[in-house]
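Trainee: I'd like to learn how to read a few features of a structure. Can you walk me through one?

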Amino acid sequence: MTRDNARLGLAALCAVAVLMLAVLSVWASGPLRDGIFFACGLFAAGAALFAWSRGTLDQKASDMTRIGSASDKTLTWMDLAAAMPDPAIVLDEASVILNYNSAARALFERLRQGVPLEHVNRDPELIAAVSGTLRNGEKNTARLVPRGSAGQRLIATVAPLGITGEHPPIAALITIHDESEQHRLLEMRTDFIANASHELRTPLASVRGFIETLQGPARNDEKARERFLAIMADQAERMTRLIDDLLLLSRVEEKANLKPTGRVDLNDLIEDVLRSLQPFAEERSVAIDVEPASDPLMAMGDRDELFQVFHNLVENAVKYGRDGGYVKISLTKKASGRERFPTLAVVSISDNGPGIAPEHLPRLTERFYRVSAEHSRNIGGTGLGLAIVKHVLNRHQGELSVQSVVGQGTTFKVALPAYK
Ligand SMILES: Nc1ncnc2c1ncn2[C@@H]1O[C@H](COP(=O)(O)OP(=O)(O)O)[C@@H](O)[C@H]1O
Ligand SMILES: [Mg+2]
């Protein structure tokens, strides 16, 4: 039973008892009659006290509810609260709940009018923030730790209401904001900056080391100078690649919400990609075999960005595949089964390399994620290629999937909305 129902029940009981006593007093006499009158008075006082306390709470709630009027309608707290996207609760000066909105009810299932806040949520930080605000009229914030959702980050702001002059506030408003997503993005950005700095610092340290050696001990050593300068050029190239990839990633991210509208012939695009990677494949003795689509396969998209996608996937297949192995590329068309983009262009890129263990597969498109960072760095990888692929495909409403069998090879598949 709720507290309100209990109160109503008590009031009804009082009323019935007073009625019965009044009837009894008509035929009773002497001390019995005096006793009945006394008891009657006692009940009446109890009922009056209850009605007064209930009335004060209701009055307080209704005073709190009137927030202004527009034309002939008086706006109430409920109008305002319903329009607020975040959970909101109003408390009186004794931390008793006067009102709340449905978002707050969804968050705290024990939320009721007339109940002290402590009965609803015992979070010490929140209780301290509320009592601080009610005492000195200052705005406070508290971090809430919701039960059963470890990653969630809720921030409650407690603001004073109805301060006049030196008097403390007569009420307080708690609003709760979910900052989980903001916090996650902030953490991601911090990690990203730390990773990017680390990736740049390593080649930079190596270049500085060689400069010092060339200025000092190897000053007159012609052979060493040639060797060191070649290494320095390599390291400088690595830094350039990293900066190019970082810029490319940020440009793609910037355009995330702009849907590309161009037409790209994928048979033609793959031919261009192969032309640019042919020398690299020959260096590693990898044979690339293409099975083009029988008809022109026109994808919806931005040619330069799609070039980056397939360049990275084919380059990965060559460099992480087997030396002297093969890469197979096939282009096909398939029905998506969806109304929006009924036809998909599918490009599949397979290698017969060592493959990727299943635990790495879900993380491959994270920035700087590499199965072996050392191996990737040694062959000129930045760890950003698949992150760029993922972002470009998201913007193109395309999909990337990967299948790999350790010891046998890996297949990456790209599906893109296509023109019929
Ligand atoms: N075909 C593949 N076979 C095996 N591993 C691969 C293949 N393609 C990608 N990978 C793994 O995924 C990681 C991320 O790839 P990518 O983001 O392109 O970075 P990078 O090529 O700069 O190392 C690579 O470092 C490699 O460990
Ligand atoms: Mg790559």
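Mentor: Let's begin with a loop: Gln397 sits in the one between α12 and β13 (399-405). Helices (H or I, at least four residues) and strands (E, at least two) are DSSP runs, numbered from the N terminus. This is a predicted model, where local features need pLDDT of at least 70, side-chain atom pairs count only at pLDDT 80 or more, and totals for chains, interfaces and linings use all residues. Residues are numbered from 1 along each chain as its sequence is written, while chains are lettered from A and ligands numbered from 1 in the order in which they are written.

Trainee: What is the phi of Gln397?

Mentor: Positive, about 55 degrees, although Gln397 is not a glycine. Phe368, in the loop between β12 (343-351) and α11 (373-378), also isn't glycine and has a positive phi, near 65 degrees.

Trainee: Why does Phe368 count as partly exposed?

Mentor: You count C-beta atoms, placed from the backbone: 20 or more others within 10 Å is buried, 12 or fewer is exposed, and in between is partly exposed. Phe368 is partly exposed because it has 17 C-beta neighbours inside 10 Å. Gln397 has 15 others within 10 Å, so that one is partly exposed too.

Trainee: How many residues surround ligand 1?

Mentor: A residue is near a molecule if its C-beta atom, placed from the backbone, lies within 6 Å of it. Here 20 residues surround ligand 1, and the closest are Arg370, Val371, Gly381, Gly385 and Leu386.

Trainee: Which helix gives the largest share of that shell?

Mentor: That's α10, with four residues. Both α10 (303-320) and α12 (385-395) supply at least two each.
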